[in-house]
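Keep the structure at hand as you read.

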Amino acid sequence: MGIVERLVPDELWELFQRVVPPAPTRPQGGGRRRYGDREVLAAIVFVAASGCTWRQLPPSFGPSGPTAHRRFTEWTKARVRAKLHRLVLDELGAHGKLDWSRCAIDSVTVRAMKGGNLTGPNPVDRGEKGSKIHLITDRAGLPLSVGISGADLHDSQAVEPLVRGIPPVRSRRGPRRRKPAKLHRDKGYDYAHLRKRLRARGIRHRIARKGIESSQRLGRHRWTIERTMARLAGCRRLHRRYERKAEHFLAFTSIACTLICHRRLAT
């Protein structure tokens with residue numbers, strides 16, 4: 001099995017073909033051949049996992065770094081990353097591999113090396129520019145919704161956009177689902193207006209209350225999302241934000257979430 005097939009397994013490639021936009025038509029005769037989408041996708045996954053720059057992309061992939069980056073930009077504009085993540089979630093739901101009973105929300109902050117939009121001063125990193133990755137996972141730690149913001153955004157302000165961002169996912173039986181039964185959060189999310197809005201959506205909440213109880217009591221349920229955050233860190237492109245455009249950094253984050261979900265689908 002070659003490196004392309006290892007990075008983009010057949011099952012993932014079949015799903016990707018359903019969301020990738022068609023290649024532009026080229027005039028007959030002359031010009032360089034257009035590298036296949038699977039080769040380019042494998043190159044993008046390699047950049048995400050290894051953390052290398054586009055120009056450091058090994059020639060064994062075929063497409064050059066600028067070519068892979070250009071295709072990455074095209075696919076980002078077409079929201080291919082979100083469509084692929086949703087397809088993988090659909091497959092997980094159809095096979096009964098999503099557990100909506102106890103979902104969790106959390107965030108992690110990374111330094112933004114080149115600035116850009118959706119960055120802000122990080123209060124725990126001497127005010128250095130940074131971004132936050134916000135995540136909602138199911139009971140097993142599978143990412144359901146992901147978003148990014150400036151590092152100075154309070155976690156409580158990301159709850160509603162993340163909940164709204166959960167796509168309607170297929171179920172083994174019955175209609176599509178996009179609402180957790182219960183949502184676990186730490187003290188950073190302990191606000192009355194959030195509790196009220198979650199109740200209005202029919203979502204039970206479990207939040208450690210400030211000055212009353214310790215977040216450690218929720219640890220037996222929230223450790224799964226912390227494990228998922230650690231898995232995201234395995235995608236070295238997410239150790240630091242090098243993309244000036246927020247949509248590019250979000251695309252890399254979504255790729256990492258999709259790969260986590262696909263590994264579960266393959267088991």
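Which residues lie nearest the centre of the largest pocket? They are R79, R81, S145, V146 and G165, out of 22 residues that line the largest pocket.

## About the model

This is a predicted model, where local features need pLDDT of at least 70 and side-chain atom pairs count only at pLDDT 80 or more, while totals for chains, interfaces and linings use all residues. Residues are numbered from 1 along each chain as its sequence is written, and side-chain values use heavy atoms, with hydrogens and water left out.

## The largest pocket

The largest pocket has a volume of about 380 Å³. On a 1 Å grid over the protein atoms alone, a pocket is an open set of points with protein on both sides within 12 Å along at least five of seven lines; a cavity is a set of points where a 1.4 Å probe fits but cannot get out, and lining residues have an atom within 4 Å of a point. Grid points are joined across faces, edges and corners, and a volume is the space filled by probe spheres set on the points.

At least two lining residues of this pocket come from each of α5 (80-94), β4 (143-150), α6 (159-164) and α9 (246-266). Helices (H or I, at least four residues) and strands (E, at least two) are DSSP runs, numbered from the N terminus. The pocket lining has eleven nonpolar, seven polar and four charged residues. Here Ala, Val, Leu, Ile, Met, Phe, Trp, Tyr, Cys and Pro count as nonpolar, Asp, Glu, Lys and Arg as charged, and the others, Gly among them, as polar.

## Two cavities

There are two cavities of 30 Å³ or more. The largest cavity has a volume of about 180 Å³, and of its 15 lining residues, F16, L41, R81, L84 and I255 lie nearest its centre. Two or more residues of this lining come from each of α2, α3, α4, α5 and α9, with α9 giving the largest share, four residues. By class, the lining is twelve nonpolar, two polar and one charged.

The second largest cavity, of about 30 Å³, is lined by V159, E160, V163, L194, R197, L198 and R201. Four of these lining residues are nonpolar and three are charged, with no polar ones.

Among the buried residues of α4 are F72 and W75, where buried means under 20% relative accessible area, exposed over 50% and partly exposed in between (1.4 Å probe, protein chains only). The buried residues of α4 pack against α2 (10-17), α3 (37-50), α5 and α9, with contact meaning heavy atoms within 4.5 Å.

Most residues other than glycine have a negative phi. R79, in the loop between α4 and α5, has a positive phi near 60° and is partly exposed at 45%. R126, in the loop between β2 (120-121) and β3 (129-137), has a positive phi near 55° and is exposed at 70%.

## Cysteines

How many disulfides does a search of the whole structure find? It finds zero, a disulfide being a pair of cysteine sulfur atoms within 2.5 Å. The sulfur of C103 is 12 Å from its closest cysteine sulfur, in C261, so it is too far for a bond. The sulfur of C261 is 6.9 Å from the closest one, in C257, again too far. C103 is buried at 0% relative accessible area, and C261 is buried at 0% too.
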